[in-house]
Amino acid sequence: MRLHRLRLRDYRGIAEREIDFADSGITVVEGANEAGKSSMIEALDLLLQYPSSSKSTAVRAVQPAGRDVGSEVFAEISCGHWRFEYFKRFNKKAEAALTIIEPRREQLTGRAAHERVEQILAESLDSPLYRALRLQQSGAPELGRLSDSSALARALDRVTTPVDAHADDGDGDADAQALIAAAEAEYQRYYTLKAGRPAGELAAAMAAARAARAELDERHRGLDAAERAAAELPEVEQAHREATATEVHVLEEASEASRRVSEADKVAAALDQAAERAQRREIAVRLAERDLADRQDAQRRVAVLADQVDAARESAAELAGTAERADAEVSELDGAVTAARARHEALAAELTAAVEAERVRADRARIAEIEAVLNELSELAASRAGIVAGLESNPVGAEQAEQAVRLDRALAVAQARVEAAAARVEVTPLGGEEVLVDGAAIGDAVALSAVGDTVIETTGVRVRVIGAAGTRALSDDLDALRRSERELLTGCRVESLAEVAVRAAERGAAERALADVEAAGRRLLGGSTEQALSGERDRLLAASPGEAPAAGDRPVDQLRAAEREQQGLVARGERAASARRAEAAAARVRAQAQAETAERAASDLAVARAELLEQRARISDEALSGVADTARAEHAEACAVVDEQRARAQRLDLPGLRAACAEAEQRLDRLRGRIGSLRDQRTQLRTLIEQCRTENRLDDLTRAQTADRAAAAELERVTRRAEGARLLYRTLTRTRAESRARYVAPFTERLETLAKPVFGESVRFEVDDDFTIASRTLDGVTVDASALSGGAREQLGLIARLACAMIVDPGDGVPVILDDALGYSDPARLASMAGVLGDAAGGAQIIVLTCTPDRYAAVPDARVVAV
């Protein structure tokens, strides 16, 4: 089988995608997570397995979320000598279409297309191999059982069978396969292929034997039932006669009990009537007592309202007097407050003048203080300017002083080294001739160290003094130090190195003096600035009057205390006047309220007296009392009648009579039910006996016995044939399994060849007869395959699939599908696996799905498709 092309539309999250796969070699489909790579393989399975009209959960799950559209899958496939294009639309407007291109063009649709593809795959596709050569991210990496793969068996047969055997008998393999197929077909006539349970003819014979035996048992049961019915019928008829006789006596007892209950019900009805009359009399008593109570309440209300009118008028008069007295006190308090307020205003004016005079004096003192600070700051600024000018003219600091000391020491050391290493030359002019030393004339005797070449010239004579080896380097070091000395002296503006330290000390003293001046300035400012002080002085001068106001006789503190005391007197007077004024207003309000209350009470009193007179006009107080007494007497008489009827009912015991009547009726019902049951049972027994007499049950029993013996004989015959077919099939399949054990060696050899670049040259595998890898041996250490690491198991599973794909004939092969495999492999193993994939890609079709393109970047000659 080869997958040439696959197209999806509206499938899960895939809007539309079409991919062409290489017929042989490797196709790498790379894309991010959730790009729909695994969905492509799922779509291929859906296309090949489910009808387009399927409503299964797997089909419904592929419809795009939130969209009411059909999911389409199209594939171009080669399988055996067939090549076809297959299309299906699921979920919405279901459709299936098949176009067979080879060997003969053919087109089908709907269910016919689905069944035709199933037929093609059943003839041409090795399903066990197709399932085994997948390595999916959600599945186990192990290869699984391949003992049922006919394509692998044929390929291994070719490997293990000698060449001359093929030449002598080219049809041997086909004949063996045909024999096994015939034995399998015969076996399936009697047993299921997988579980070995009875089926077909054997199951039918067993079912027929069971049915014949069931029919025979049923005939025996019919005769036994008729015999039991004949024995039971006399007893049932006797029980029916006895029950009918007992029914007459029980019916008489029930009638007598019903009569007694009827008499008792009459007594109960009389009791209910007496109770009803007593209840009506009780209601009349309550109404009379209520009217009498209402009359008494009206009398009490009139008396209470009269008392309320008198009390309200008296309280209103008293409160009016209280309000007049409070008004008089308020007038007196207002006068006292006015006088106190005038005294307070005079004190406040005097205090304001005193405070203003004190403020002017304080402002003038602050102005003088600020001017003194500004003068001192001006002096400090002049001192600071002089110090800063001195610092600017003296660039020598501590760093230069340290450099001068180091340079002076280095010069002394270098000079001493030169003098120690060089020759000492003394030149003294003796005549009047000019003497030149290195081109410079000398007048007196000179002494010098011969460093390098020194030339002494005079008339007719030139003397060349050549210094010792090594003195030139010492001289160069000394010259470099002197150049550094000149540069330092120039930068420090001094004549000698000794002056550098003096100038550095002078600069240090100037810097300390500058710091002292600046600290004194900060102390004077106290966190402010000179501009802020000048501004404050200008504001104070602008606010200061030309002449200071005259000060009073009393101090400000004394005036302030007197002003506060007088203010307190005014406030207390105002509070007292306000309180008395509020009391007067409240008294007037309460007096008004009491007056209104008195008026309302008088109005209510007039209404109550009118209503009482109206009631007495309808019925007097004495007559109303008489009505109540009469109602009480009638109620007592009715209660006596009720007690009498209740005593009579209790003597009759009505509940007991009703219980006895109910029990008699229940006995009668049970007895009648038993009579009916016995009647039905008698009818059934008679019917059963009659049926046995008229239906010839003995003849039926004879026929059932004959059919049972025939079915048992047929079952024995079929069982013998089935056992023979099972023995033949098991013998042939066992022989085939033994021959397949020979296939393991070439498969193992191919597996080890592919695995050596990954695991090492010493790798060996133990493979079971069903092609399951049992263990791996590496460098003499054997480990069960299940105990290998996840990465090693995955690599081994992939290699095993590649080995199968390489062994199987290309015409029988299926695609090797790797879904995000090698996720647990390290870089070195990935590189080795890339080589293995390249070696295996010659005649096989390998499809790789990955979200990590770098994992397969080293695979040679791969077709890469990005999604």
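Arg-721 is partly exposed, with a relative accessible area of 30% (partly exposed lies between buried, under 20%, and exposed, over 50%, with a 1.4 Å probe and protein chains only). Arg-721 forms a salt bridge with Glu-201, the closest N and O atoms being 3.2 Å apart (a side-chain nitrogen of Lys or Arg within 4 Å of a carboxyl oxygen of Asp or Glu). The pair links distant parts of the chain, with Glu-201 in helix α8 and Arg-721 in helix α16 (residues 697-740), 520 residues apart. Helices (H or I, at least four residues) and strands (E, at least two) are DSSP runs, numbered from the N terminus.

The model is predicted: local features need pLDDT of at least 70, side-chain atom pairs count only at pLDDT 80 or more, and totals for chains, interfaces and linings use all residues. Residues are numbered from 1 along each chain as its sequence is written, and side-chain values use heavy atoms, leaving out hydrogens and water.

**Salt bridges**
- The whole structure holds 32 salt bridges.
- Arg-7 and Glu-18 pair at 3.9 Å, N to O; Arg-7 lies in strand β1 (residues 2-11) and Glu-18 in strand β2 (residues 14-20).
- Arg-507 and Glu-511 pair at 3.2 Å, and both lie in helix α11 (residues 497-525), four residues apart.
- Shared partners join Arg-5, Arg-7, Glu-18, Glu-76, Arg-83 and Glu-85 into one network.

**Helix α17 and its end**
- Helix α17 (residues 744-759) has a kink of about 30° at Thr-753, shortly before Pro-757 (the angle between axes fitted to the seven residues ending there and the seven starting there).
- Buried residues of α17 include Phe-747, Leu-751 and Leu-754.
- Just after α17, Gly-760 takes a positive phi of about 125°.
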